[in-house]
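Let's take a friendly walk through this structure together.

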Amino acid sequence: MIEQPLSDVVSEQSEQDAERKAFEDSVIKRHSLTTTPCPFSNDVRSVFGWTDATEYHEEVEVEVVTKIPEHQEKIRKLPVPGLEETVEMYLKTLEPLLTADEFDHAEEEAKDFLENAGPILQEKLKKRENDPRFPSWLEPWWDDSYLCGRDPIPINVNYFFGFEDDKDPDKMTQIGRAASLLHGALLFYQKFRTEKLDMDFERQQPLCMSQIRRVFGASRIPQIDRDKIITYTKQGVKGAALVSKTSEYSFTEPTDVVVLVGSKFFSFNVMGEGGVDMVTIPELEVLLQCCVEQSDAVGPGVPVELVTTMNRDEWAKVREKLIITSEINRNTLELIQKALIIVVLEDMAPTYDEELARVLLHGTGVNRWFDKHNLIICKNGRAGINFEHSVGDGATTLRVADEMYKHSLVSGRGKSQIEETYKEFKATGKGLRTHINPLRWVIDKHIENCLRDAYTGFKTAILGVETQILQFKQFGGGFIKTVAKMSPDAFVQIAIQLAYYKIFGKNDATYEAASTRSYLHGRTEVVRSATTEVWNFCKACCNTALTHRHAGQKVPTQLGLLREAVDAHVDYMRKAKDAHGVDRHLLGLRMIYEEAKEAYDFPLPALFRGVGYRRSSHWSVSTSHCGSSSLMAFGFGPVVAEGFGVGYMIKNSSISLTITSNAVNRTTSAGILSCLIEESLMHLKSIVLSDPALKKASSHPSSLDFSHPTTHTDELLVEWLRAGKRHAVE
């Protein structure tokens, strides 16, 4: 960076920086407390520790630590739960999924496991828990679950956030929105790089920050059999982060971003080493507009980015071919991998929410680099992010997205301001401290054929995915908390279960992600949402609405069963967040066996081979709750061929759900499930309103009482009757 920016630009940007600073001090500042962030107090948060909207607590002071290594030292290691506890919990989750005979067989398998192989494997796992070579006993196996998958990662692995539109229509331009959102992301990275980032806490418990390092300057790299993650950083990697094998490190400073326009790649510098001397929003606007002009001047590029939609082994082979073909390709790949983030200027201008969701989840396969996080800005200013999932979870990335959006609200500029700045730049040719570097590829016939095959394959994949968004506005978390007095997350989960039951006449294995970031290098645990209590409730809901009762029972059966189902879900969520779920522990026990099975004198335990284990871990419904006022949608693809993916956000007065499915049969339809979730939410509300105690507490004022709408009020009628009696006595 050599030249000074335009004086007017600097002056204008200084005013914006001051405004942004004031805003951040009062609003954006990251809370390490367990109170609702102001002024977004109507949000039902799910990833800053509040998985459940009923979990708000009194404000408590915590020690603020701004250096990640010191913060990480305060975090507990992930524990191994008790064997009997897990097996008992596991059996309970099988009750609604198995026939009586199948369940009896599962009980026999569990008994045999507890008496024979289980204690041996548990002892080995406990030793691993205390082994200093593993910051988390689970981490290497969980990394493998992402990196060993050979299916294409778009739809199957990556997830997306869709930003709310800017409240000012004048700011809804592609260039302006891209510049302000990108600037917000760079500010977040700058705070991390200069060790000024507030740490995350849940109540007084510190949350692991290990994933933050991989939000920027990290990339997934395809390899045969198992991919790898590489993170570029010059910041010291210490302690557990250095011991962990999740990522390789290249100790070079990432200072550039890569922009994709019409399948053409450009890179430019956005800050100096150490996170200093960052570009301004007006400079970003000019740089992005120059990328568009250069792209338009040369026409469409060869869509090399399609390689990231391929089967991972096939992509790994093509990558090697690219590198062998030319040193130019090697350098281009290195620049893409090292970039802080990919910025996509999308040609489409989606109007409907479903259109935007499809653009963000998969697009057409071109103009994306799915091995990294992609900030996607459409022609009409609508925007979102497609996240590569192996490097981290929504609990981390939502914090970044939140700050990006809120920064853009106060710092984004209108169309006329952007045009004036660009006009001045074109007239003088000055004002930029950096230059644009077009990235090149050398492509031979073999690679061209691979790209054609990739396009054909991905086209088939996206045509087979149905995406539906349900913007439910009848009520939201406010009603569920204050009127129903239930957990909003549990309430929505039960509505999803009821909708599924109405389609298939049964409940199947359902996955809800619970964050375990209160533990070192914690990722997630499963909440098995299809509980016995939910099953009982769904069966009752197929009877006459509200009126079905047991003999002598005054409260409608459905209301009592709904409360039991909510309580069961909340209890499971608390256990899962405390790393006392079923699935991660069973995975650990199985992997202990698989990694040294020759050393054991017994085969793989029957518990892992039985129908109960297979059916209860075949996730017909995969769900996650991840919301904030910054987002209008959050979604991902189904994890099994005949399943559903349901990402949802619960706000104070609305609920947003993004539902995906594969077109395998006429009943496995995101559209059908969406309709029935809407119906089920209203069904649950009607059950809540049937509570006699609620009716008594909310009785209407006497001023609204009428004997008949065309006659006297009750009070006047009484006076008239009294007067009549007096006349009769006289």
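Which residues are buried in H15? They are Ile447, Cys450, Leu451, Ala454, Phe458 and Ile462, where buried means under 20% relative accessible area, exposed over 50% and partly exposed in between, with a 1.4 Å probe and protein chains only. Seen down the axis of H15, these buried residues fall within an arc of 100°, so they line one face of the helix; the arc is that of the directions from the helix axis to the C-beta atoms.

Before going on, note that this is a predicted model, in which local features need pLDDT of at least 70 and side-chain atom pairs count only at pLDDT 80 or more, while totals for chains, interfaces and linings use all residues. Residues are numbered from 1 along each chain as its sequence is written, and side-chain values use heavy atoms, with hydrogens and water left out.

Back to H15: the buried residues of this helix pack against helix H10 (312–325) and strand S13 (465–472). Helices (H or I, at least four residues) and strands (E, at least two) are DSSP runs, numbered from the N terminus. On the face of H15 turned away from the buried side sit the exposed residues Lys445, Asp453, Thr460 and Leu463.

Now turn to strand S17 (residues 631–636), where six of six residues are buried. Strand S1 (residues 159–163) runs antiparallel to S17, and five bridges join the two; strands pair if DSSP finds at least two bridges between them. Within this pairing, Phe163 has Leu631 of S17 as its bridge partner.

How values were computed:
Contact means heavy atoms within 4.5 Å.
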